[in-house]
Amino acid sequence: MPEQWPRALLRAALREVGYDALGAPGLPGALRYRAQAEGRGAVRLALVDQAALGEESAALLTALRRRFESPAMVLLARAIPAAGAPDAASAAQWLRVLHRPVSIEAIVTAVQEILPLPPSSIGPLD
């Protein structure tokens, strides 16, 4: 997400239920993270805001998939397009597409459905 506060609130909500969430202001920033950092597991899911996609997004998304070994890809898309209107981002490349408006709770629920945690890991991260 391009805005800092929604990204920070989403990260906090994910950490509250047990996910070690990272945040980046865009695809180039996400590519600066290590694929496996000490004390962290692999990046297993990437939530990409459609507002962060630009002309070079195809190459950046390919680089992101390679760097993090094909994480589950979720798109936070603009409002649902009109019937028959082409979508700016091909739905085929995304495991799930969440359309705005969407709450942080709905995003957390989608993450929990895609990457369920073992019962021993559910709970706030300190």
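Residues are classed by relative accessible area, as buried under 20%, exposed over 50% and partly exposed in between, with a 1.4 Å probe and protein chains only. The model is predicted, so local features need pLDDT of at least 70 and side-chain atom pairs count only at pLDDT 80 or more, while totals for chains, interfaces and linings use all residues. Residues are numbered from 1 along each chain as its sequence is written, and side-chain values use heavy atoms, with hydrogens and water left out.

The secondary structure of the chain consists of four helices and three strands. Of the 126 residues in the chain, 31% are buried. The chain exposes about 7900 Å², of which carbon and sulfur atoms supply 55%; accessible areas come from the Shrake-Rupley method with a 1.4 Å probe, and for residues only the protein chains shown count as cover. Contacts, defined by heavy atoms within 4.5 Å, were also examined by sequence separation. Among those between residues at least 6 apart in sequence, 61% join residues at least 24 apart.

The three strands form an open sheet in the order S1-S2-S3, with parallel pairing. Pairing of two strands requires at least two bridges between them in DSSP. S1 and S3 are the edge strands, each pairing on one side only. From one strand to the next, the twist averages 20°. The parallel pairing of S1 with S2 extends over five bridges, and Leu47 has Val74 in S2 as its bridge partner. Helix H4 packs on this sheet and touches S1, S2 and S3, its direction making about 170° with that of S3. Axes here are lines fitted to C-alpha atoms, for helices over the stretch in contact, and angles run from 0 to 180 degrees between N-to-C directions.

Helix H4 spans residues 104-114, and its residues Ile107, Val108, Ala110, Val111 and Ile114 are buried. These residues lie on the same side of H4, because they cover an arc of only 160° around the axis, the arc being that of the directions from the helix axis to the C-beta atoms. Their cover includes helix H1 (4-16) together with strands S1 (45-49), S2 (72-77) and S3 (96-99).

The structure contains four salt bridges, each defined as a side-chain nitrogen of Lys or Arg within 4 Å of a carboxyl oxygen of Asp or Glu. One of them joins the side chains of Arg100 and Asp49, at 2.4 Å from N to O. This pair links distant parts of the chain, with Arg100 in the loop between S3 and H4 and Asp49 in strand S1, 51 residues apart. Arg100 is partly exposed at 33% relative accessibility, whereas Asp49 is buried, with a relative accessible area of 4%. Another salt bridge is formed by the side chains of Glu113 and Arg96, at 2.7 Å from N to O. Glu113 in helix H4 and Arg96 in strand S3 are 17 residues apart, and this pair likewise links distant parts of the chain. Arg96 is partly exposed, with a relative accessible area of 27%. The side chains of Arg15 and Asp20 also meet in a salt bridge, at 3.0 Å from N to O. Asp20 has a relative accessible area of 36% and is partly exposed.

Key
Helix = DSSP H or I, 4+ residues; strand = E, 2+ residues; numbered from the N terminus.
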